[in-house]
Amino acid sequence: MKIITKLSQFFVGVLFIISGLIKLNDPIGFSFKLEEYFSQGVLDLPSLYPHALSIALFVVIAEVLLGVALLIGFMRKFTIWLLFVMIVFFSFLTFYSAYFNKVTDCGCFGDAIALTPWQSFIKDIFLLILILILLFNSSKTGRCFKAKTRFLIMLATLLGCSLLGYWVLNHLPLKDFRVYKVGTNIIESMEIPQGAPVSKFEMTFYYLVDGKEVAFSDKELSSIPQGASFVRRTDKMIEQGYIPAIHDFTMDKDGFDYTHELMQEPKLALIVTYDLHRADPKGMQKIRDFANKAIVSGYKVVGLTASDDQITQQNIQTYNLPFEYYTCDGTTLKTIERANPSIVLLENGVITAKSHYNDLDKLNL
């Protein structure tokens with residue numbers, strides 16, 4: 001049991017540190033995931049929505065601290081109890097997501113490792129078992145270093161996590177795990193290979209027969225009685241087909257999709273502002289100056305937003321922006337870049353550079 005306890009101590013500690021650091025690399029991305037949980041139709045906690053980023057930072061730093069504390073044996077019983085409370089809460093969230101199919105990716109490991117809700121729940125149950133072993137055998141867990149050294153290690157960990165969090169919030173993630181990372185060819189990533197499997201659906205047709213709604217499968221249509229009136233149709237996916245890496249990127253304007261046309265531009269600068277209501281005013285002013293420089297340098301500059309046309313036109317006038325906005329899905333834009341606003345440079349559809357608005361002076365045009 002002592003060996004099992006120490007193996008559990010090592011495994012749980014390392015996993016919490018890895019999970020926390022991956023999300024600390026991109027806390028804004030994790031806050032987007034929390035906003036999904038807080039939204040109406042999921043947990044319906046609108047009061048927590050404005051605090052999603054603060055909660056995200058607290059949770060990911062806590063994960064790292066608890067993982068380090070467990071490994072070195074700092075305040076063993078208190079640490080294990082906190083781990084137990086955290087994993088019970090995570091297990092509830094992942095089960096809720098899986099059972100009710102509310103949030104399709106829990107964000108446990110950010111964009112680095114995508115897990116389905118059921119995979120996340122199974123992972124949490126496995127961790128819960130290991131933490132229960134630690135809870136009932138806390139005296140058998142190991143300790144490293146002297147008490148003063150353990151305290152200094154925890155202090156250094158807290159300071160390091162805080163500095164890392166501050167950095168990535170004001171710049172970009174140190175490691176980009178997203179599909180829109182530098183080097184990505186957007187058009188090629190949207191293509192479906194010839195012969196790739198296609199999704200299969202089961203269609204059910206509902207007809208009104210003698211005053212009652214009766215269901216018919218697509219194979220039973222010939223048996224529908226004469227005089228029956230059609231009510232509705234439902235489609236259920238029974239087999240998932242091939243999904244390209246990028247499948248939701250569009251550049252719409254006035255009802256037309258200009259994606260392929262703009263991806264042919266030899267020098268294209270995208271100004272990504274997923275929500276103009278929440279855009280940083282200083283950032284928008286910097287974007288205006290950058291856009292003017294980019295145009296002089298031969299770039300075609302366009303904006304991408306999920307905001308409506310009225311808000312878009314107001315911002316163009318307010319900040320005297322020298323470019324037009326195209327529309328794209330808000331979730332897609334949040335995936336492309338975290339800063340609001342931010343810049344993505346492309347050459348013939350290939351992403352060559354990405355920048356936070358605080359780092360525009362370092363962007364090479």
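Helix α4 passes helix α5 in a left-handed crossing, a crossing being left-handed if the near helix is turned anticlockwise from the far one by less than a right angle. The residues of this contact divide into 20 nonpolar, four polar and one charged; Ala, Val, Leu, Ile, Met, Phe, Trp, Tyr, Cys and Pro count as nonpolar, Asp, Glu, Lys and Arg as charged, and the others, Gly among them, as polar. The model is predicted, with local features requiring pLDDT of at least 70 and side-chain atom pairs pLDDT 80 or more, while totals for chains, interfaces and linings use all residues. Residues are numbered from 1 along each chain as its sequence is written, and side-chain values use heavy atoms, without hydrogens and water.

The axes of α4 and α5 (residues 117-136) lie 8 Å apart, at an angle of about 160°. The two helices are therefore roughly antiparallel (angle over 145 degrees).

Ser97 belongs to α4. This serine is buried, at a relative accessible area of 2% (buried means under 20%, with a 1.4 Å probe and protein chains only). Beyond its neighbours within four places in sequence, Ser97 is in contact (heavy atoms within 4.5 Å) with Tyr37, Lys102, Val103 and Pro117.

Tyr37 is also among the buried residues of α2. Eleven of the twelve residues in α2 are buried, and the elements covering them include α1, α3, α4, α6 and α11.

Definitions and conventions: Buried < 20%, exposed > 50% of the residue type's maximum accessible area, 1.4 Å probe, protein only. Helix = DSSP H or I, 4+ residues; strand = E, 2+ residues; numbered from the N terminus. Axes fitted to C-alpha atoms, helices over the stretch in contact; angles between N-to-C directions. Parallel < 35°, antiparallel > 145°, perpendicular 65-115°, else oblique.
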